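Subject: Structure handover

Hello,

Here is the structure I promised to pass on. Please open it first, then read the notes below.

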Amino acid sequence: MDESEKERWIKAGRIGKEVREYAVSIVKPGMALLDLARNIESKFAQLGSKLAFPPNLSINDTAAHYSPGFDDQIILKEGDMLKIDIGASVDGCLSDTAATVVVGEDPSPLVNASREALENVIKIMKPGMSIDEIGETIERTIRGAGFSPIVNLGGHGISLYNVHEGEFIPNVNQQNGKKLRMEGVVAVEPFSTTGNGYVIDSSSGEIFMFQSDRNVRDKTAREILEFIKSEYKTLPFSRRWVVEKYGRVANYALDVLTGNKALYRFPVLKEESGGNVSQFEHTFLFDRGEVTVTTL
Ligand code: MN
Ligand code: MN
């Protein structure tokens, strides 16, 4: 990796960390989730980056991929377990980082379990290491605290303009003998739960991503697809952002584009048995044998 690209990955990590810490600091009971999302988005702009994906603000048994739409009504309540999962894009160099807070309260043992699992991974992380060993470390830490890891969510490789590329890094030891990349970027994200440890698709979410070029007859839908391709490329985006630019007609256009598979719409993920879910995440950069946690 050349030095100027490396600097962009480091910058994306630093901005991700700053916005995560800022978001954690402003959360309080009575706050609208939509206001939190908008504050997060403004902070990225202030710090000089775009977003790698819409702010994921998932509460309690919602594990991931919830992002408030333009008409979101959710108000944070004391005791809500809120996962703040965000990332920066600096010309396609990305970060992906998450923290969990219990609104208006101190962190609970469930929150500490996923945080400690990630801290234990940081201690052993090496380029090219066994993915089973990472899963083993996460699983042992979370089960040791009396909770379950979520088996079908986990870390992943990251590349330019791709939040998910290459290896999957499970939160359990799957004993498949796979190894991490030697060079490049990965994210690790331990999820702990009071439930069975399995997420399922629930409602359609507000997060979309370009999937493939299609012939689109509708003129507005075609124009919006061109905008999406140039503005977000292969990064996920929020329907709200497109509605803010094009007005409510964008709702119809996104339906058309999802229907013909030009776009992919991410479903919201919920813990199957209704357990509470906690998550922490950092981004790791491997360059010539050295490990940098860019979001620490
Ligand atoms: Mn994430
Ligand atoms: Mn991730």
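A salt bridge here is a side-chain nitrogen of Lys or Arg within 4 Å of a carboxyl oxygen of Asp or Glu. By that rule, the whole structure holds 18 salt bridges.

Some ground rules. This is a predicted model, in which local features need pLDDT of at least 70 and side-chain atom pairs count only at pLDDT 80 or more, while totals for chains, interfaces and linings use all residues. Residues are numbered from 1 along each chain as its sequence is written, chains are lettered from A and ligands numbered from 1 in the order in which they are written, and side-chain values use heavy atoms, with hydrogens and water left out.

**Metal site**

Start with the manganese ion (ligand 2). Its protein donors are Asp96 (OD), His156 (NE2), Glu189 (OE) and Glu281 (OE). They lie 2.1 to 2.2 Å from the ion. Donors are N, O and S atoms within 2.8 Å of the metal (3.2 Å for Na, K and Ca); water is not among the atoms, so sites may look incomplete. Along the sequence, the donor residues follow the spacing D-x59-H-x32-E-x91-E.

Aspartate 96 is in the loop between strand 6 (93–94) and strand 7 (97–102), and histidine 156 is in strand 9 (residues 154–158), so the pair ties together parts 60 residues apart in sequence. Helices (H or I, at least four residues) and strands (E, at least two) are DSSP runs, numbered from the N terminus. Aspartate 96 and histidine 156 are both buried. Buried means under 20% relative accessible area, exposed over 50%, and partly exposed in between (1.4 Å probe, protein chains only).

**Salt bridges**

- Aspartate 61 and lysine 270 meet at 3.9 Å, N to O. The pair links the loop between strand 2 (56–59) and strand 3 (62–64) to strand 15 (residues 263–271), 209 residues apart. Aspartate 61 is partly exposed at 22%; lysine 270 is partly exposed at 30%.
- Arginine 239 pairs with glutamate 206, with the closest N and O atoms 2.7 Å apart. Here helix 6 (residues 239–246) is joined to strand 13 (residues 199–210), 33 residues apart. Arginine 239 is buried at 14%, and glutamate 206 is buried at 14%.
- Aspartate 287 and arginine 288 meet at 2.9 Å, N to O. Aspartate 287 is buried at 4%, whereas arginine 288 is exposed at 57%. A salt-bridge network links Glu3, Lys6, Asp287 and Arg288.

Best wishes
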